[in-house]
Amino acid sequence: MSTVPRDELGGGLGTQGAPYAGPYEGSRESSHDKAEHASIGELVGDISQGLSTLMRQEVELAKAEVRDSAKRAGKAAGQFGAAALAGWMTLLFLSIAVWEFLASALESRGWAAVIVMAAWGIAAAVLAAAGRKNSKQIQGLPRTTETAKRVPDALKGNEETS
């Protein structure tokens with residue numbers, strides 16, 4: 001294996017004294033090579049920078065997941081609110097229907113109120129079912145939790161690649 005002279009910045013020198021970046025222009029030194037040639041301070045700085053980047057990424061992931069969960073929770077809350085309104089309307093029209101029905105002794109106004117009440121009842125059932133379905137889809141922070149569990153192993157150098 002031939003060695004290429006290294007300049008003061010850690011990069012090699014090419015055939016005419018120009019910086020040599022490896023087989024591909026702009027490529028970086030491997031972690032192993034860097035560890036052999038870097039000072040303790042540089043290694044600690046790299047670790048610190050890596051941890052800082054990791055923590056920023058974790059915070060951004062948590063923010064994105066919280067936004068998504070909040071959006072789903074807001075939608076479910078709106079659907080539950082609409083179901084509550086529809087349920088209230090059901091009781092209102094049921095009360096009117098019973099009143100009209102008893103007042104007019106089986107006249108058509110009473111039956112009309114019962115039909116409207118039944119329609120509101122169906123709407124309440126549909127909205128409640130949709131709200132229930134959406135509320136079950138709220139998962140919290142699944143990716144943040146998963147990646148945060150990997151941080152201690154990554155710090156020890158036992159990180160698995162998936």
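**View 1. Asp68 forms a salt bridge with Arg72, the closest N and O atoms being 3.4 Å apart.** A salt bridge here is a side-chain nitrogen of Lys or Arg within 4 Å of a carboxyl oxygen of Asp or Glu. The model is predicted: local features need pLDDT of at least 70, side-chain atom pairs count only at pLDDT 80 or more, and totals for chains, interfaces and linings use all residues. Residues are numbered from 1 along each chain as its sequence is written, and side-chain values use heavy atoms, with hydrogens and water left out. Both partners, Asp68 and Arg72, sit in helix H2, four residues apart, about one turn of the helix. Helices (H or I, at least four residues) and strands (E, at least two) are DSSP runs, numbered from the N terminus. Asp68 is partly exposed at 37% relative accessible area; Arg72 is partly exposed at 34%. Buried means under 20% relative accessible area, exposed over 50%, partly exposed in between (1.4 Å probe, protein chains only).

**View 2. Lys63 and Glu60 pair their side chains in a salt bridge.** The N to O distance is 3.6 Å. The two residues are three apart in helix H2, so about one helical turn separates them. Lys63 is partly exposed at 42% relative accessibility, and Glu60 is partly exposed at 45%. The structure holds two salt bridges.

**View 3. Ser69 is a buried residue of helix H2.** Its relative accessibility is 13%. Leaving out residues up to four places away in sequence, Ser69 touches Ile138, Gln139 and Gly140. Contact means heavy atoms within 4.5 Å.

**View 4. Leu85, Trp88, Leu92, Ile96 and Trp99 make up a nonpolar surface patch.** Together they have about 530 Å² of accessible area, from the Shrake-Rupley method with a 1.4 Å probe; for residues, only the protein chains shown count as cover. Patch residues have over 30% relative accessible area and no salt bridge; like charges are joined within 9 Å, nonpolar side chains (Val, Leu, Ile, Met, Phe, Trp, Tyr) within 5 Å. Ile96 lies in helix H2, residues 40–104. Ile96 is partly exposed, at 32% relative accessible area.

**View 5. Residues 1–27 keep a pLDDT under 50.** pLDDT is the predictor's confidence in each residue, from 0 to 100. For this stretch the model has 23 contacts beyond four places in sequence.
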